[in-house]
Amino acid sequence: MVTVSPSECEASPNWAYSLQLPHDPRAARIARVTLRAVLVGHGMSQLQDSAELLASELVTNAYRYSTGPATLRLRGLTHARLRVSVWDADPHIPPPFGERSGPVGPVPAEADSGRGLFLVRHYAQAWGGYPLGGGPSGQGGKLLWCEVGVRGERPAAGA
């Protein structure tokens with residue numbers, strides 16, 4: 001039997017967790033609670049506020065614009081950098097994630113929506129999105145991702 005000591009886990013910053021979320025208005029809250037536990041468990045609490053905001057916005061976007069489940073994936077890239085990604089079944093890639101997306105500007109004060117992905121662009125150090133031919137549940141859709149890290153931490157290669 002192989003065992004892993006805490007010191008071995010701390011030596012490797014690369015880890016990943018996936019959470020399948022039903023199409024439910026409570027999904028963003030569940031994602032935040034899960035994210036908080038993961039970050040505390042990996043000693044990355046300094047990323048909590050930004051990461052919770054970004055994850056919440058991506059999961060909310062999946063809930064609002066897709067009719068099925070979503071999958072949240074959290075991946076530690078370094079000891080001070082996290083990638084948050086969300087898969088959903090809707091293939092449309094919204095700005096600023098799509099290659100053909102125009103610039104995303106401020107949202108008018110009277111608007112009822114549209115601020116979420118603007119916040120992602122503002123708080124994330126890197127972001128992207130791409131269509132998928134077969135998602136985690138065997139369906140198509142898209143994956144939107146963003147990275148958050150301690151200031152001065154460089155984005156992951158290929159981001």
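Let's start at helix α3, where Gln 48, Ala 51, Glu 52, Leu 54, Ala 55, Ser 56, Leu 58, Val 59, Asn 61 and Ala 62 are buried, meaning under 20% relative accessible area with a 1.4 Å probe and protein chains only. This is a predicted model, in which local features need pLDDT of at least 70, side-chain atom pairs count only at pLDDT 80 or more, and totals for chains, interfaces and linings use all residues. Residues are numbered from 1 along each chain as its sequence is written, and side-chain values use heavy atoms, leaving out hydrogens and water.

The buried residues of α3 pack against β1 (15–21), α2 (27–41), β2 (70–78), β3 (81–88), α4 (116–123) and β5 (141–149). Helices (H or I, at least four residues) and strands (E, at least two) are DSSP runs, numbered from the N terminus.

Now follow the chain to the loop between β3 and α4, where you will find Ile 93. Ile 93 is buried, its relative accessible area being 17%. The C-alpha atoms of Ile 93 and Lys 142 are separated by 6.9 Å, although these residues are 49 residues apart along the chain.

How far can you trust the model? The chain averages a pLDDT of 82, and 72% of the residues score at least 70; pLDDT is the predictor's confidence in each residue, from 0 to 100. Over residues 1–5, the pLDDT is below 50.

Terms used: Buried means under 20% relative accessible area, exposed over 50%, partly exposed in between (1.4 Å probe, protein chains only). Contact means heavy atoms within 4.5 Å.
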